[in-house]
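Welcome to this tour! Open your viewer, have the selection tool ready, and follow along stop by stop.

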Amino acid sequence: MSTTLDNVLSGLMNRYKERVPDVSAIINAMIKENIISQPADIENDHIAFRTMGVPQLGIQSLEKIFLHYGYQKRDYYHFPEKKLDAFWYAPPSPQYPRIFISELRVKDLSPEVQQIITSYTNEVTADPVSAINLDDAGAVDQFLHSGLWRLPTWADFQTLAAQSEYAAWVIYNRYYLNHFTISVHNLKDGYNTIVQFNEFLERNGFTLNNAGGKIKTSPDGGLLQSSTVAEMIDAEFAGGEVHSISGSYIEFAERRILPQFAHLPKDQVQRIHRREGFEAGNADKIFESTYSSQTSR
Ligand code: OOG
Ligand code: NI
């Protein structure tokens, strides 16, 4: 029987697949090369959301949904240059993806930009998650995919983007899934490292984020990540104006076996034996997957 969490996650994945044709294109390429035999063979390492850090929204609001389904809040990350904070959440059981939620430090932006952001977010007068029945997957799905505030104007979007591309992304894309992440370490030989998987992706014509290099590696060497550059979407702004802006992207993660479990036979290695969590230095560059410096390449 599927749980409320299963239904919420599949709702998120369905909208995401519609908005990001690269998802199906990568899955089809994986099937064609016999890396997997069906989409369900893919292990989803984590999913990510972006939020506006204002009192009634932000991490403290969105996290309530996933804490309700048994997720546990873990480490804090800070990104001074991008003016972001983030946490990751461990799932209630290992078949579920981890969750990464970041938040814009709105108060750290210029008064002009703060004024624009709050002109939208003030339409939400109280924490909207508190008003949802979280055991009703349909209600949660509707909340995650509906407008929290009015459609932005193109002028506001551009003013935000000039100071924070993250701010512009959230004002338009809200809680649409920012990315899902294909775990590569359990794939078959020839594809189970980030180096090899990136080769496969580029051979099939996918463009990778190269901010700080195509492979982002944690200082301990245990977490290696890469990502596609975000796909552009035709976004309708206030007054019916349509502009091409960044939508969502896809990430790839290799979690190496921790040194103390290096002796384990391959068939006994489980998630708990591999590098956990995230890495600020990696994340800092992965955020740029939706930035115009990457999407215009
Ligand atoms: C999240 C970027 C960070 C990771 O796995 O470290 C990230 C974002 O672009 O919102 O996904
Ligand atoms: Ni990620």
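Predicted model: local features only at pLDDT ≥ 70, side-chain atom pairs only at ≥ 80, totals over all residues.

**Stop 1: two helices**

Now show the whole of helix α6, residues 154-163, beside α7. Two packed helices are described by the angle between their axes and the distance between the axes. Here the axes come within 5 Å and cross at roughly 145°.

**Stop 2**

Which residues have the most contacts inside the largest nonpolar core? They are I99, A167 and I171, in a core of 68 residues.

Next, click on I171. Setting aside neighbours within four places in sequence, I171 is in contact with Y120, P152, F157 and L160.

**Stop 3: the sheet**

Switch to a cartoon view and look for the strands. Strands of a sheet pair through backbone hydrogen bonds, either parallel or antiparallel. Eight strands form an open sheet with mixed pairing, and you can trace them in the order β2-β3-β4-β1-β5-β10-β7-β6. At the edges are β2 (72-79) and β6 (216-217), each pairing on one side only.

Zoom in on β1 (residues 44-52) and β4 (residues 98-104), which pair in the parallel sense over seven bridges. Select M52 and you will find L104 of β4 standing opposite.

**Stop 4: one residue in β1**

Now select I47, which has its place in strand β1. Is I47 buried or exposed? I47 is buried, because 22 other C-beta atoms lie within 10 Å and 20 or more is the cut-off. Leaving out residues up to four places away in sequence, I47 touches L12, P97, I99, L177 and F180. Try the distance tool too: the C-alpha atoms of I47 and F278 are separated by 12 Å, with the two residues 231 apart along the chain.

**Stop 5: the ligand**

Finish by selecting ligand 1, which 13 residues surround. The closest are A48, N178, A283, I286 and F287. β1, β4 and α9 (280-286) each supply at least two residues of this shell, and α9 gives the most, with three. Colour the shell by class and you get six nonpolar, five polar and two charged residues.

Notes
Residues numbered from 1 in each chain as written. Chains lettered and ligands numbered in written order. Pairing = 2+ DSSP bridges. Helix = DSSP H or I, 4+ residues; strand = E, 2+ residues; numbered from the N terminus. Near = placed C-beta within 6 Å. Nonpolar A, V, L, I, M, F, W, Y, C, P; charged D, E, K, R; others polar. Core = buried A, V, L, I, M, F, W, Y, C linked by C-beta atoms within 7 Å. Buried ≥ 20, exposed ≤ 12 C-beta atoms within 10 Å, placed from the backbone. Contact = placed C-beta atoms within 7 Å. Axes fitted to C-alpha atoms, helices over the stretch in contact; angles between N-to-C directions.
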